[in-house]
Amino acid sequence: MDRQSLPDLTAFVRVAELRSFRRAAVALGVSASALSHRIRHVETELGVRLLHRTTRSVAPTEAGERLLARLRPALDDIGTALREVGDFRERPAGRVRVNVARTAASLLFAPKLASFIAAYPEVRLEIVTDNGFTDIVAGGFDAGVRLAEALPADMIAVPLSGPQNLAVVGAPAYFETRPPPLTPTDLADHDCVRMRWPSGAIYAWEFARDGHELRMDVTGSLVLDDYALVLPAVIGGAGLAMVLRSFVADDLAAGRLVPVLEDWLAPFDGFHLYYPSRRQVSPALRAFIEHMRA
């Protein structure tokens, strides 16, 4: 194969890592049919099948696994070399893809995106919101943003926010018919709006007081997967919810929500941006980090 086949090899690595033509096509910004054509070209040139394909799955063959193991570090080295050359540019440029927890996107990024694009017009920024625990390397992301407790151990982390607090909140109308809970165990007598993670697990509410920690599997008739849905439901009187206090600060101040169990909720480390430790930070990503921390 000649040197012009580098994009085809990059396409193979992305498909093999994500095990999906559709997800790889999104990550690379091409159509799934174009990506499939590239993979067939690589296999034809090499004279060996690299991927097992079925209607439901894609997986590397033995030859594909061996090629993937060799190509991964080589492509990482090429990417690092290109970013080092980019350091000589006067202004940051190029694409930056960041995988962000939805709440962090709303609280930290949304107010600053327009000013970032205005300050760095040569940067192509893509924010993907995701409440799951995504492998940012396999997903083709330059960085991710999660709470400190969820950060992978092998990443470099940069704090984006100060400590955070949770809040258990309900609407004033809800408390007209039920007394506020005084301890977490009182939640058994309340309707709680619960959150389901992308993994399928229901979030267990966490409390701490005087060194004593407690996890509660609360009950309720409403299960949602996005804070953007939780907030109007709780304001409408659907029940109690556990949310980030900063997410409902305006509603608390305006009296639309009432906090309970305040002395059972301790602060914890906030949101961090993280990226692979072996990867040099590009000027575009560095500019993004500095702008979001400002």
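The model is predicted, and local features need pLDDT of at least 70, side-chain atom pairs count only at pLDDT 80 or more, and totals for chains, interfaces and linings use all residues. Residues are numbered from 1 along each chain as its sequence is written, and side-chain values use heavy atoms, with hydrogens and water left out.

The protein contains 9 helices and 14 strands, taken as DSSP runs numbered from the N terminus (helices, H or I, at least four residues; strands, E, at least two). Its C-alpha trace spans about 75 × 45 × 35 Å along the principal axes. Of the contacts (heavy atoms within 4.5 Å) with a separation of 6 or more, 74% are between residues 24 or more positions apart.

Beyond neighbours within four places in sequence, Val230 is in contact with Val193, Met195, Leu224, Ala241 and Val243.

Helix 9 is largely enclosed by the rest of the structure, because 8 of its 11 residues are buried. Among the buried residues of helix 9 are Pro283, Leu285, Phe288, Ile289 and Met292. Strand 14 (residues 271-276) is also largely enclosed, since 6 of its 6 residues are buried. Strand 14 pairs with strand 5 (residues 143-147) in the antiparallel sense over 4 bridges, where pairing requires at least two bridges found by DSSP. Phe271 of strand 14 is the bridge partner of Leu147. Strand 14 also runs antiparallel to strand 6 (residues 155-159), joined to it by 5 bridges, and Pro276 of strand 14 is the bridge partner of Met155.

The protein exposes about 15700 Å², of which carbon and sulfur atoms supply 53%; accessible areas come from the Shrake-Rupley method with a 1.4 Å probe, and for residues only the protein chains shown count as cover. Leu6, Ile78 and Leu82 make a nonpolar surface patch of about 260 Å². Patch residues have over 30% relative accessible area and no salt bridge, with nonpolar side chains (Val, Leu, Ile, Met, Phe, Trp, Tyr) joined within 5 Å and like charges within 9 Å; a salt bridge is a side-chain nitrogen of Lys or Arg within 4 Å of a carboxyl oxygen of Asp or Glu. Leu6 lies in helix 1 (residues 6-18) and is partly exposed, with a relative accessible area of 33%.

Methods: Buried < 20%, exposed > 50% of the residue type's maximum accessible area, 1.4 Å probe, protein only.
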